[in-house]
Amino acid sequence: MQRFERACIVVALRLREGSATISQKGRRDLAEKGSRRGMEISKLTSRVPIFPLFISVSLLVGWFIPGFYAWTDSDQSRPSPLLWKVPLWSAIAFAAFCVALPWLPIGAKPPSDAPRKPMRFSVRTLLMITAGVAVATALFAKFPLVLSGIACAGAYAYLIWLCVKTPHHRLAASALIGVMILPYAWVVGYDELDRLLPTLAIMIAGMPAFLPAAFLSQMIGQHFQESQWLAFLLTTAELLIGIWMIRLGAKRTIAYLMLVLLISAVGSLGFYMMCIA
């Protein structure tokens, strides 16, 4: 009787070990299948040229701004209500896509930048920085257009340095420049381009921030032509934030490129309306 009970216990233990082994194998198989599917989806999305697609879309949007204005049946004195509904719908669609973006298997994380050494500030360095900020503030109050232009040029130069220093960021940086500048592509085929050339020669670097600069100039009670320094400063901020987003990864960069593309497209539409008025 004791032998029979021992045999039953041994059989039960072996059956339990076998079922546990089978369940572990099943879990491993499911995990392997899930990882394979995730790898296949990530490979598929990595083949999609996301950043060149941004450049192409920006060029198409910019080139068809006059056609879009005519399609909405707007005239020089009375813009159509549809004119601003399309950008609003686009903004809602972009926001929905950005909400879903964290769950989308878009691209692999780029190689990390070289680790930076921690900055150490001495009392002398802090005093020099404080003096530099004070001098820059005084000069900015005296010559806002010159200093904002220098800051904007420095931001463009920093973006070029980023492309040279980190080759894996070149496509993203090119897409950033594309979504900022290419929505104004209609200017190339404008009939009265000769009339716009003097203005464009001064404003070309700050054109990406035309719309927010126009709003801010109205808020502070200045004419837009007198507050062009705002466009340069806002463009500088767009570039620096864009470089920061590029360093943080592909998904944040995509979300930021969508925002900049929308701002530049609406600003291009407003600039076209101002030109034909």
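Author: Helices here are DSSP runs of H or I with at least four residues, and strands are runs of E with at least two. By that criterion the chain, which is a predicted model, has eleven helices and zero strands.

Reader: Why are α2 and α11 called roughly parallel to each other?

Author: Two packed helices are described by the angle between their axes and the distance between the axes. For α2 and α11 the angle is about 10 degrees, and the axes lie 11 Å apart. Angles under 35 degrees count as roughly parallel, and α2 and α11 are therefore described in that way. On the α2 side, the contact is made by Ile-50, Phe-51, Phe-54, Val-57, Ser-58 and Val-61. From α11 come Thr-253, Ile-254, Leu-257, Met-258, Leu-261 and Ala-265. By class, this contact of α2 with α11 has ten nonpolar, two polar and no charged residues.

Reader: How do you know which term applies to α10 and α11?

Author: Helix α10, residues 228-248, packs with α11 at an angle of about 155 degrees, and their axes are 8 Å apart. The cut-off for roughly antiparallel is an angle over 145 degrees, so α10 is roughly antiparallel to α11. In α10, the residues that meet α11 are Ala-237, Glu-238, Ile-241, Gly-242, Met-245, Ile-246 and Leu-248. Their partners in α11 are Arg-252, Thr-253, Tyr-256, Val-260 and Ile-263. The contact of α10 with α11 divides into eight nonpolar, two polar and two charged residues.

Reader: What makes up the lining of the second largest pocket, by class?

Author: The lining has 13 nonpolar residues, one polar residue and no charged residues. In total 14 residues line this pocket, and Val-61, Val-86, Ser-90, Leu-262 and Ala-265 lie nearest its centre. The volume of the second largest pocket is about 310 Å³.

Reader: Which helices supply that lining?

Author: At least two residues each come from α2 (50-63), α3 (65-71), α4 (82-100) and α11 (250-276). Helix α11 gives the most, with five residues.

Reader: What does "buried" require, and what share of the chain counts as buried?

Author: A residue is buried when its relative accessible area is under 20%. Of the 277 residues of the chain, 29% count as buried.

Methods
Residues are numbered from 1 along each chain as its sequence is written. This is a predicted model: local features need pLDDT of at least 70, side-chain atom pairs count only at pLDDT 80 or more; totals for chains, interfaces and linings use all residues. Side-chain values use heavy atoms; hydrogens and water are left out. On a 1 Å grid over the protein atoms alone, a cavity is a set of points where a 1.4 Å probe fits but cannot get out, and a pocket is an open set with protein on both sides within 12 Å along at least five of seven lines; lining residues have an atom within 4 Å of a point. Grid points are joined across faces, edges and corners, and a volume is the space filled by probe spheres set on the points. Ala, Val, Leu, Ile, Met, Phe, Trp, Tyr, Cys and Pro count as nonpolar, Asp, Glu, Lys and Arg as charged, and the others, Gly among them, as polar. Axes are lines fitted to C-alpha atoms, for helices over the stretch in contact, and angles run from 0 to 180 degrees between N-to-C directions. Angles under 35 degrees count as roughly parallel, over 145 as roughly antiparallel, 65 to 115 as roughly perpendicular and the rest as oblique. Contact means heavy atoms within 4.5 Å. Buried means under 20% relative accessible area, exposed over 50%, partly exposed in between (1.4 Å probe, protein chains only).
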